[in-house]
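Hi,

Here is the structure I said I would pass on.

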Amino acid sequence: MNNLRFILDTNIFLVSLAPNYKYHWIYQSLIQNKYNLVVSNEIITEYQEQISLRYGLDFTDASLDYLLLLPNVFLKNPSFLWQLVENDKDDNKFVDCYIASQSDYIVSNDKHIHQIKNNLFPQISVLRYEEFEDQFKHLFTT
């Protein structure tokens, strides 16, 4: 099961860090090598910016340094930018990384990303948090 590759949008990743949130199983499963996380430099930069705003800089540096050392976290910088998300250009970093890494899913509740999941080419598999939880939580947490 741990060969599945996921792209986590920033909001999903952020809420998974907090131990008292229902989303924490996502981060715990990552630490336990239950799935692969793919990130790009652009995604890591956004994670870092948002974590430092929410949790403070010390936490950001520690968590992201550790994250990149995990054997199931892969850095993939796209060499081609598809620009498929027209309504929120900032979301393209997740889609481009997904395509470049041939990941299995993007996990996001962002409506702009979900608007392109019906693309015929390239096909984009996007799960809302609830769908991700329904399909994978029982597999990852057993």
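**Helix packing and salt bridges**

Helix H1 (residues 10–17) packs against H3 at an angle of about 45°, and their axes are 10 Å apart. That makes H1 and H3 oblique to each other, and the crossing of H1 past H3 is right-handed. On the H1 side, the contact comes from Thr10, Phe13, Leu14, Val15 and Leu17, while H3 brings Glu46, Tyr47, Gln50, Ile51, Arg54 and Tyr55. Sorted by type, the residues where H1 touches H3 are seven nonpolar, two polar and two charged. Bear in mind that this is a predicted model.

Now for the charged pairs. How many salt bridges does a search of the whole structure find? It turns up two.

One of them links the side chains of Glu46 and Lys93, at 2.8 Å from N to O. Glu46 sits in helix H3 (residues 41–55) and Lys93 in helix H5 (residues 92–101), so this pair ties together parts that are 47 residues apart in sequence. Glu46 is buried, with a relative accessible area of 14%, and Lys93 is buried too, at 4%.

Glu133 forms a salt bridge with Lys137, and their closest N and O atoms are 3.8 Å apart. Both residues belong to helix H7 (residues 129–140), where they are four residues apart, about one turn of the helix. Glu133 is partly exposed, with a relative accessible area of 22%, and Lys137 is also partly exposed, at 28%.

Cheers

Key: Residues are numbered from 1 along each chain as its sequence is written. This is a predicted model: local features need pLDDT of at least 70, side-chain atom pairs count only at pLDDT 80 or more; totals for chains, interfaces and linings use all residues. Side-chain values use heavy atoms; hydrogens and water are left out. A salt bridge is a side-chain nitrogen of Lys or Arg within 4 Å of a carboxyl oxygen of Asp or Glu. Helices (H or I, at least four residues) and strands (E, at least two) are DSSP runs, numbered from the N terminus. Buried means under 20% relative accessible area, exposed over 50%, partly exposed in between (1.4 Å probe, protein chains only). Axes are lines fitted to C-alpha atoms, for helices over the stretch in contact, and angles run from 0 to 180 degrees between N-to-C directions. Angles under 35 degrees count as roughly parallel, over 145 as roughly antiparallel, 65 to 115 as roughly perpendicular and the rest as oblique. A crossing is left-handed if the near helix is turned anticlockwise from the far one by less than a right angle, and right-handed if clockwise. Contact means heavy atoms within 4.5 Å. Ala, Val, Leu, Ile, Met, Phe, Trp, Tyr, Cys and Pro count as nonpolar, Asp, Glu, Lys and Arg as charged, and the others, Gly among them, as polar.
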